[in-house]
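Please look at the sequence and the structure below before reading on. The report then takes up two topics in turn.

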2 protein chains.
Amino acid sequence: MIEQNEKNEVPFDEEYLRQLLIDEKIEEFREYFLALHPYDQAQFYEKVGPDIRGVMYLFLSPREMASIFEAIELDDEEYQPFLNEMNTAYGAEMLTYMYTDDAVDVLNELDKEHRDSYLKIMDSETVEEINELLGYEEYTAGSIMTTEYVSILENSTVRSAMAVLRKEAPNAETIYYVFVVDGDHCLTGVISLRDLIISEEDTLIRDIMNERVVHVKVSDDQEDIAQIFKDYNFLALPVVNDKNELQGIITVDDIIDVMDEEASDDYSKLAGISDVDDIDAGPFKAAKQRLPWLIMLLFLGMITASLMGKFEATLDKVAMLALFIPLISGTSGNSGTQALAVAVRGIATGEINDKSKVKMLLREICTGLITGIVCGLLVVGIVFVWKHTFIIGLLVGAAICCSILVATIAGSFIPLLIHKLGVDPAVASGPFITTLNDVTSILIYLGLATTLLSQIG
Amino acid sequence: MIEQNEKNEVPFDEEYLRQLLIDEKIEEFREYFLALHPYDQAQFYEKVGPDIRGVMYLFLSPREMASIFEAIELDDEEYQPFLNEMNTAYGAEMLTYMYTDDAVDVLNELDKEHRDSYLKIMDSETVEEINELLGYEEYTAGSIMTTEYVSILENSTVRSAMAVLRKEAPNAETIYYVFVVDGDHCLTGVISLRDLIISEEDTLIRDIMNERVVHVKVSDDQEDIAQIFKDYNFLALPVVNDKNELQGIITVDDIIDVMDEEASDDYSKLAGISDVDDIDAGPFKAAKQRLPWLIMLLFLGMITASLMGKFEATLDKVAMLALFIPLISGTSGNSGTQALAVAVRGIATGEINDKSKVKMLLREICTGLITGIVCGLLVVGIVFVWKHTFIIGLLVGAAICCSILVATIAGSFIPLLIHKLGVDPAVASGPFITTLNDVTSILIYLGLATTLLSQIG
């Protein structure tokens with residue numbers, strides 16, 4: 001028994017495996033290695049050097065190597081070096097044995113020339129399936145589905161369904177759902193293995209299948225599909241084309257990857273980083289990823305500075321005003337980001353829709369008013385105690401109150417607007433809203449100050 | 001066939017169902033309603049009023065109501081009104097039929113008095129299981145596992161295993177894995193239904209089971225468990241106690257909920273909002289959730305202002321300096337948030353560990369230097385073109401360059417430090433880092449300015 005959950009503990013003896021390969025002990029290696037979970041096999045495969053991997057290609061069949069490649073977790077463009085280590089025929093055979101969706105992921109990362117060299121020697125049926133999947137747009141059901149599902153005709157019996165399942169068990173990605181189709185391969189129902197094993201052998205599938213089968217279209221967005229999995233707790237979902245013909249299935253493990261990707265994506269956007277900015281990249285790559293945002297925001301900041309330039313006379317007269325600029329812009333930025341995050345999350349989960357959005361905007365206006373007034377009063381008090389000036393305190397307090405209100409409304413309204421335009425609201429990300437609120441809050445503050453000073457002076 | 005994926009389209013005829021209940025047509029209602037997916041049943045149940053629900057309690061058995069309650073998605077403290085509508089005996093029976101983990105979720109939200117009123121009349125075996133689960137700490141394996149799993153003894157045959165599965169199919173949360181135990185109920189292996197259906201009926205389980213069964217402990221953190229699901233693509237994972245006795249299982253649908261929760265949690269922390277700040281809450285509740293952050297950051301901002309006060313003389317002399325304050329603090333805040341997000345994500349995914357953290361810090365220092373120099377030079381150029389002053393441009397550029405470097409280092413170092421202290425690094429959230437970087441960047445800027453002016457003047 002192994003302890004998978006102990007941190008940093010590898011659940012297999014890496015050195016032992018490595019030695020077996022060096023000593024060319026093929027039988028001992030195969031016995032130990034093939035008993036491992038494919039994820040652990042992949043960990044070992046990625047860790048050892050090309051010379052050791054060279055022995056692995058000799059000791060393992062393309063089919064065994066396929067399950068390693070399915071479990072491998074690489075970033076884009078990193079499959080090529082591994083494939084270059086094998087001869088093309090071995091690689092092509094391995095790709096044939098992989099689940100189509102995983103094979104497509106690998107092939108997608110190769111340049112056209114390399115891809116074609118594999119497709120030329122793979123069997124034509126697989127190539128056809130692969131070409132079909134390669135044609136679907138990224139982030140759609142088509143691009144994440146697999147074609148290795150189990151389907152039967154409506155008028156089969158439970159006995160023949162079980163026979164099909166036994167036959168398909170080694171190849172199908174899931175055998176826990178059987179999808180029922182008519183003569184035209186149109187989806188008409190679904191039955192779970194759970195239902196099959198408790199049914200009489202002579203029962204017709206048609207009589208026990210679930211006809212209300214939830215399904216998605218090849219062009220549906222992967223985020224919407226993830227939501228269906230979350231709501232309905234499915235293990236797999238069938239994918240059909242416009243004619244309702246069954247094209248493939250999406251399994252729950254693919255959805256877990258989608259959820260991981262989307263969560264990480266939203267988080268990155270809120271922070272203004274690119275999703276590919278990962279910790280393995282060198283500093284130049286990281287800087288290249290981050291600079292576009294920083295420079296864009298730098299120009300926005302320059303606009304702020306130039307707008308402030310109009311109030312230079314006011315600042316020249318009362319230098320104390322400058323002390324509160326970071327406070328006001330910071331507070332407005334913070335309240336804007338809070339409102340933004342609530343709105344983006346609400347839109348993503350579908351809680352905010354056409355019906356509820358007016359209610360949500362009204363709520364945000366009230367929330368902005370309440371938080372604005374509380375923070376504003378607090379500031380009046382603090383500035384009075386600290387600087388013993390009521391006028392400046394009132395000015396700063398009023399500016400904070402207005403800025404929070406405006407920032408909160410902007411933070412909730414802008415994502416709604418962007419969503420209405422059909423764009424992912426997460427692009428109205430944190431740094432952008434923050435900088436926008438910088439400008440408005442400072443204009444409010446210095447505008448108020450100038451008016452007040454001209455009234456007094 | 002229904003179109004689940006069309007937006008806002010309800011996959012059932014709500015009005016028809018409602019009318020059947022008003023007309024008290026029990027058979028028609030049951031036939032239509034019970035064919036729906038539990039998630040859709042729950043949607044209907046939540047939507048109708050208490051009077052209609054009153055009829056539902058009469059038409060549906062506690063067992064049928066249990067599957068509705070398992071699919072219901074409510075926020076904390078909202079089960080009570082529904083339970084109050086049923087009589088206690090009906091409610092208690094319903095809770096008995098629910099999967100233990102779901103029943104515990106419901107009972108956890110009730111006050112002690114109500115909870116006890118149900119536990120008193122539920123059967124003692126269920127109560128014992130529930131009390132055990134109630135005892136586990138939140139966010140641990142124990143708190144999300146269910147006790148409805150299928151287990152068999154090592155020396156059973158495939159035939160008897162299939163018989164157990166057929167018997168347990170209606171109750172177990174998943175029948176796609178059978179967990180193998182010895183005489184002391186210690187976990188010794190696992191076998192999938194996939195393997196069972198392709199094996200000979202007389203084969204001993206011991207001979208075909210997978211002995212390298214990945215398992216977790218009751219006290220393990222749910223986020224670590226989610227990672228195991230992501231890596232290994234499991235549908236269920238066994239949970240054992242310190243003596244290796246099988247206590248329950250965690251299924252993939254629970255993990256999807258955990259992932260959703262954790263992603264939303266990290267996102268909320270980066271935005272400085274509370275995770276319970278959801279769009280259904282009224283403005284007072286929302287303001288109450290957001291104000292602690294805003295006020296805390298307001299006080300931090302006041303510290304910035306008071307530190308700036310030390311440079312009031314400098315600002316008084318050259319009012320133009322004030323124009324660039326938002327630019328400098330904004331840019332430093334943005335680069336800090338970028339570094340923070342990369343670090344928090346790296347720590348969460350386990351990519352950043354003790355070995356790689358020095359490398360990661362070095363990388364961030366280099367990245368900070370590169371981005372700082374690029375942005376600094378850019379600013380020198382812009383300010384020169386705009387204001388025709390090389391000195392101020394150089395000053396602002398140098399301040400931006402230093403601030404970006406410091407902010408990037410702080411953004412990556414602080415989460416590492418917090419993680420080292422055993423706290424979730426996401427608490428070093430966006431607004432906090434931003435405000436901290438405000439202070440340092442302005443001090444750098446005004447410090448440089450004062451030194452420079454005293455040199456010149």
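What follows describes a predicted model, beginning with the contact between its chains and then turning to a cavity.

## The contact between chain A and chain B

Chain A gives 134 residues to the contact, and chain B gives 134 residues as well. Between them, the two chains bury about 11900 Å². Of this area, 66% lies on carbon and sulfur atoms.

The interface of chain A and chain B holds 6 salt bridges by the rule used. One of the residue pairs joined in this way is A:K387 with B:E312, whose closest N and O atoms are 3.4 Å apart.

On the side of chain A that touches chain B, helix α17 (residues 283-309) gives the most, with 19 residues. Sorted by class, that side of chain A has 76 nonpolar, 26 polar and 32 charged residues.

## The second largest cavity

The count of cavities of 30 Å³ or more comes to 4. The second largest cavity has a volume of about 60 Å³.

Which residues line the second largest cavity? From chain A they are A:P326, A:L327, A:G330, A:T331 and A:N334; from chain B they are B:L297, B:G301, B:T304, B:T435 and B:D438. Helix α19 (325-349) of chain A and helices α17 (283-309) and α22 (430-456) of chain B each give two or more residues to this lining. The largest share, 5 residues, comes from α19(A). By class, the lining has 3 nonpolar, 6 polar and 1 charged.

Technical notes: Residues are numbered from 1 along each chain as its sequence is written. Chains are lettered from A and ligands numbered from 1 in the order in which they are written. This is a predicted model: local features need pLDDT of at least 70, side-chain atom pairs count only at pLDDT 80 or more; totals for chains, interfaces and linings use all residues. Side-chain values use heavy atoms; hydrogens and water are left out. Contact means heavy atoms within 4.5 Å. Buried area is the accessible area (1.4 Å probe) that two parts lose on being put together, summed over both. A salt bridge is a side-chain nitrogen of Lys or Arg within 4 Å of a carboxyl oxygen of Asp or Glu. Helices (H or I, at least four residues) and strands (E, at least two) are DSSP runs, numbered from the N terminus. Ala, Val, Leu, Ile, Met, Phe, Trp, Tyr, Cys and Pro count as nonpolar, Asp, Glu, Lys and Arg as charged, and the others, Gly among them, as polar. On a 1 Å grid over the protein atoms alone, a cavity is a set of points where a 1.4 Å probe fits but cannot get out, and a pocket is an open set with protein on both sides within 12 Å along at least five of seven lines; lining residues have an atom within 4 Å of a point. Grid points are joined across faces, edges and corners, and a volume is the space filled by probe spheres set on the points.
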